[in-house]
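My entries follow in the order I worked.

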Amino acid sequence: MRLIHLLATAALVATPIAAGAQNAPPPAPEFARVVDEGTNRSQVMVLAQHMTDVIGPRLTNSPQMRTAEAWALAKFRDFGLSNVRKEGFDFGRGWSINASSVRMVTPRPIQLTAIPIAWTPPTNGTLSAPIIVAPMSKSRHFAAWRGKLAGKIVLVSAPGKVEDATEPGFKRLTGDDIAKLDSYREPSYDPAAQARRNAAATFEEELDAFLKAEGAVGFATMSYRDNKLLHGEGYMHKAGASPSLPGVQIAAEDYRRLARLATMGPAPTLEIMSDVAYDDSDTQAYNILADLPGTDPRAGYVMAGAHYDSWAAGDGATDNAAGSAMVMEAARILKAMGVRPKRTIRFALWNGEEQALYGSINYIERYLARRPAPATPENSTQNYYNQTTRYPVTPLPGYRDLAAYFNIDNGSGKLRGIHAENNAAAVPILREWLSPFAPMGSGSVVFGRTGGTDHQFMAAIGLPAFQFIQDPLDYSSITHHSGADTFDHLKAADMRQGAMVLAWMLLQAANADTPLPRNPIPNQPVVTDPFATPDPNAE
């Protein structure tokens, strides 16, 4: 989902990799065995290839995800793990694309680059209609278009201008890049801003109702990236709350051409064929869990996780078959080594992350802690942004059992270090554990927070939950949520390194004399700036 960095003071961050390694104790004998197993007998790319080339996109509750769930359960059992299971939670409808086509037929025929928007209905054949460019991003924009949309395919995005690329499309982090992560940003609590965000979060539903009431026959959005990249994100997945109209996302270059033609002459006519299907056979989504049992049942457990679901435009390779394959490979490495850790090591493949971290939230609410239920039903965006606004946090009996959680979800780049999530007491411990991997490029510990993925709400309740720092490669520029997110963009050497780092960190946490330190369980904050003047233009 969304990556948000909350960063730290230089006084509390890691020293450079080489300096940190100089003071570290020599690695334990198990380190050489982790490296041997993770390099000479690695299966990480075989696992990733099956997830991507064979299974393909894994939209939550889609038929492909059901296939992926069964395959992961079987692989964990093949590895010899224990208590392999799936745990369900309420999600909504399945949805998948069988075939689709979007063509401009006037003023000249062109096959457009486009994709159905997730959870929109099918066209039931070919839909042909003229377009109207009617940009709407807030409900107050509806008034300008009343009475003008009947029988039209409505282009609801503002075309905008082409922005020149100012950064390289492929990047590895330098030491300076990692050092820049180490700056503190003070947290803020602004209920008024939260209320505005909640109001804006309902726009997708409001737009759908407005278009239907006005007699539109379909709608289109513009991809947020150039170079014919598509993502097709849509969030109306709840049973009984599906969109009313077929919707497609059109590549930015094609969308702008349509807008120019509509401005300069007769509006183009489009033909849309969207052969998509709903699946209501099971509205539960499922997390996949497996254990490597510990020898001390009173010592609790440590955990690694990655989200297994993806969007439907590509094959979900860098987001997040990469992380899922590294989690599974770490499990295989440790089991093949025959380790007998003090604490149980648990492996999780989360579902529904792309819609609102649903899978990891369900795990938290089932085993770790609960917050009061929302006052009214929430959609996907509200479910994400409101998680940390409900107090008090009530720990469950299993809260103390989780001794550490490690997450991977930023592509297939090399693991360069870890975000300590403002857990100052954990910084020197994490640095020591990572130090044997300094020659492989991993050793930095940055104090601050990062968000947008499945460790986030565990850390938000004080648990020692962490996300790794990764080389970005072409994740943000090309592959993230896009149709280009395929196996070709995975880096095998980086993923082998990542699986080894993860296996080692799990083993250290599982055998540590004491669990990692925790932050306090948060209490209700007060308004950060009670004297702020409200923005009269904010909605």
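Which residue lies over the face of tyrosine 286? I found lysine 86 there, at 4.4 Å from the ring centre. I then looked up a second ring with a charge over it: the charged end of arginine 346 sits over tyrosine 301, 4.4 Å from the centre of the ring.

**Confidence**

I noted that this is a predicted model. The chain has an average pLDDT of 93, and 94% of the residues score at least 70. I marked residues 1-22, where the pLDDT is below 50. That stretch still has 67 contacts in the model beyond near neighbours in sequence. Where pLDDT is low, predicted coordinates should not be read in detail. I therefore take no detail from the coordinates of a stretch with low pLDDT.

**Aromatic pairs**

I searched the whole structure for aromatic pairs and got 16. One of them is phenylalanine 31 with tryptophan 504, an edge-to-face pair with 5.3 Å between the centres and 80° between the planes. Phenylalanine 31 belongs to helix H2 (residues 29-40) and tryptophan 504 to helix H16 (residues 492-511), so this pair ties together parts that are 473 residues apart in sequence. I checked the burial of both partners. Phenylalanine 31 has 13% relative accessibility and counts as buried; tryptophan 504 is buried too, at 3%.

Next I looked up tryptophan 350 and tyrosine 363. Tryptophan 350 is in strand E13 (residues 344-350) and tyrosine 363 in helix H11 (residues 358-368), so the pair ties a strand to a helix across 13 residues of sequence. For tryptophan 350 the relative accessible area is 0%, which means buried. Tyrosine 363 is buried as well, at 0% relative accessibility.

I also listed one aromatic cluster, formed by Phe91, Trp119, Tyr235, Trp311 and Tyr358.

**Nonpolar cores**

How many residues are in the largest nonpolar core? I read 73, of which Phe76, Leu334, Phe347, Phe406 and Leu430 touch the most other members. Leaving out residues up to four places away in sequence, leucine 334 touches Leu292, Val339, Ile345, Phe347, Ala503, Leu506 and Leu507. Another core, of 35 residues, lies apart from the largest one and includes Tyr301, Ile364, Tyr405 and Phe457. Tyr301 was already in my notes as the ring under the charged end of arginine 346.

**Glutamate 329**

I traced its side chain to the backbone nitrogen of glutamine 43, at 3.3 Å. Not counting residues up to four places away in sequence, the contacts of glutamate 329 are Gly38, Arg41, Ser42, Gln43, Val44, Leu47 and Ala499.

**Arginine 449**

My last entry is arginine 449, which I located in strand E19 (residues 449-450). Arginine 449 has a relative accessible area of 30% and is partly exposed. From arginine 449 to asparagine 423 I noted 9.1 Å in space, C-alpha to C-alpha, with the two residues 26 apart in sequence.

Note on methods
Residues are numbered from 1 along each chain as its sequence is written. Side-chain values use heavy atoms; hydrogens and water are left out. Rings of Phe, Tyr and Trp (its six-membered ring) pair if their centres lie within 6.5 Å; planes under 30 degrees apart count as stacked, over 60 as edge-to-face and the rest as tilted. Helices (H or I, at least four residues) and strands (E, at least two) are DSSP runs, numbered from the N terminus. Buried means under 20% relative accessible area, exposed over 50%, partly exposed in between (1.4 Å probe, protein chains only). A charge sits over a ring if NZ of Lys or CZ of Arg is within 6 Å of the ring centre and within 35 degrees of the ring normal. pLDDT is the predictor's confidence in each residue, from 0 to 100. Contact means heavy atoms within 4.5 Å. A nonpolar core is a set of buried Ala, Val, Leu, Ile, Met, Phe, Trp, Tyr and Cys residues joined through side-chain atoms within 4.5 Å. A polar contact is a pair of N or O atoms within 3.5 Å; within protein, one must be able to donate a hydrogen and the other to accept it, and residues adjacent in sequence count only if both atoms are side-chain atoms.
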